[in-house]
Amino acid sequence: MHLLDLTIGTHDQKIQDMANEILPVGVFNLSITPPEIIEKTHERMARQYHKDGGSWTRSHMPRTAMVFLNDDSKKAQAQAKGAWANYWNAMEGTIDNEKVERAVHNALVGTPEEITDQIKDKYHPDDRLMLWFDFNNHDNDSIMKSMESFMTKVKPALEAQ
């Protein structure tokens with residue numbers, strides 16, 4: 001049991017609270033979860049997290065983010081908008097431009113420098129990030145290039161801070 005690290009994939013407060021009555025359970029959020037919901041969840045889980053898990057920390061709820069990284073900012077924007085438009089079309093059978101724009105705003109989109117700034121602006125320094133480079137992208141070389149660019153350009157810039 002000491003090796004068990006449970007995470008629940010819902011933002012339903014009642015379910016999160018019920019799970020934490022039994023065992024310590026972290027929370028998995030979607031990348032489209034609004035920041036105010038994230039912060040309210042951290043506040044509530046600081047009170048509700050099962051005592052056997054110790055104190056609630058921000059790392060108990062990793063922040064998921066779609067990454068659309070390209071040295072050309074306009075190409076990154078186009079890729080992000082296209083990916084989210086396809087997602088919403090598949091989910092709901094229609095494209096809602098407002099949902100697409102909100103989703104793109106929640107993603108990390110742009111050049112390595114822009115993404116570095118977005119991470120600093122959007123996330124608490126203690127947040128743990130879970131990054132998705134392959135959302136609606138089946139070009140393995142492109143995905144690997146984005147990941148390498150993140151590790152060689154974004155990560156060092158963040159660590160230098």
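Reader: What covers the buried residues of α2?

Author: In this predicted model, the buried residues of helix α2 are I38, T41, H42, R44 and M45. The elements covering these residues include α1 (13-22), β2 (25-27) and β3.

Reader: What distance does helix α2 reach from its first C-alpha to its last?

Author: Helix α2 comprises residues 35-48, which is 14 residues. At 1.5 Å a residue, a span of 20 Å is expected, and the model comes close to it. From the first C-alpha to the last, α2 reaches 20 Å.

Reader: In which order do the three strands of the open sheet stand?

Author: Strands β4 (108-110) and β5 (129-132) each have a single partner strand, so both stand at the edges with one side left without a neighbour in the sheet. The twist from one strand to the next averages 25°. Pairing is parallel, and the order is β4-β3-β5.

Reader: How many bridges join β3 to β5?

Author: Strands β3 and β5 run parallel. One of the pairings places A65 with its bridge partner L131 in β5. The number of bridges joining β3 to β5 is four.

Reader: Which residue in β4 stands opposite V67?

Author: Strand β3, residues 63-69, runs parallel to β4 and is joined to it by three bridges. F68 of this pair of strands stands opposite V109. The residue in β4 opposite V67 is L108.

Reader: Is T64 buried or exposed?

Author: T64 is found in strand β3. Buried means under 20% relative accessible area. T64 has 4% relative accessibility, so it counts as buried.

Reader: The backbone oxygen of which residue lies 3.1 Å from a polar atom of the side chain of T64?

Author: Leaving aside neighbours within four places in sequence, T64 is in contact with F28, N29, L30, S31, Y123, M130 and W132. The backbone oxygen at 3.1 Å from a polar atom of the T64 side chain belongs to N29.

Reader: How far apart are the end C-alpha atoms of helix α6?

Author: Helix α6 covers residues 140-159 and has 20 residues. At 1.5 Å a residue it should span 28 Å, which agrees with the distance in the model. The end C-alpha atoms are apart by 27 Å.

Reader: On which residue is the kink in α6 centred?

Author: In α6, the buried residues are I143, S146, S149, F150 and V154. The kink is about 35° and is centred on F150.

Reader: Against which elements do the buried residues of α6 pack?

Author: An α-helix has 3.6 residues a turn, so residues three or four places apart point the same way. The buried residues of α6 include I143, S146 and S149. They pack against β3, α5 (112-122) and β5.

Reader: Which residue caps the N-terminal end of α6?

Author: A side-chain oxygen of the capping residue lies 3.2 Å from the backbone nitrogen of D141. The cap is D139.

Reader: What percentage of the residues in the protein do buried residues make up?

Author: The protein has six helices and five strands. Its C-alpha atoms fill a box of roughly 50 × 45 × 25 Å along the principal axes. Of the 161 residues, the buried ones make up 38%.

Note on methods:
Residues are numbered from 1 along each chain as its sequence is written. This is a predicted model: local features need pLDDT of at least 70, side-chain atom pairs count only at pLDDT 80 or more; totals for chains, interfaces and linings use all residues. Side-chain values use heavy atoms; hydrogens and water are left out. Two strands pair if DSSP finds at least two bridges between them. Helices (H or I, at least four residues) and strands (E, at least two) are DSSP runs, numbered from the N terminus. Axes are lines fitted to C-alpha atoms, for helices over the stretch in contact, and angles run from 0 to 180 degrees between N-to-C directions. The expected span of a helix is 1.5 Å times one less than its number of residues. The bend at a residue is the angle between axes fitted to the seven residues ending there and the seven starting there. Buried means under 20% relative accessible area, exposed over 50%, partly exposed in between (1.4 Å probe, protein chains only). Contact means heavy atoms within 4.5 Å. A polar contact is a pair of N or O atoms within 3.5 Å; within protein, one must be able to donate a hydrogen and the other to accept it, and residues adjacent in sequence count only if both atoms are side-chain atoms.
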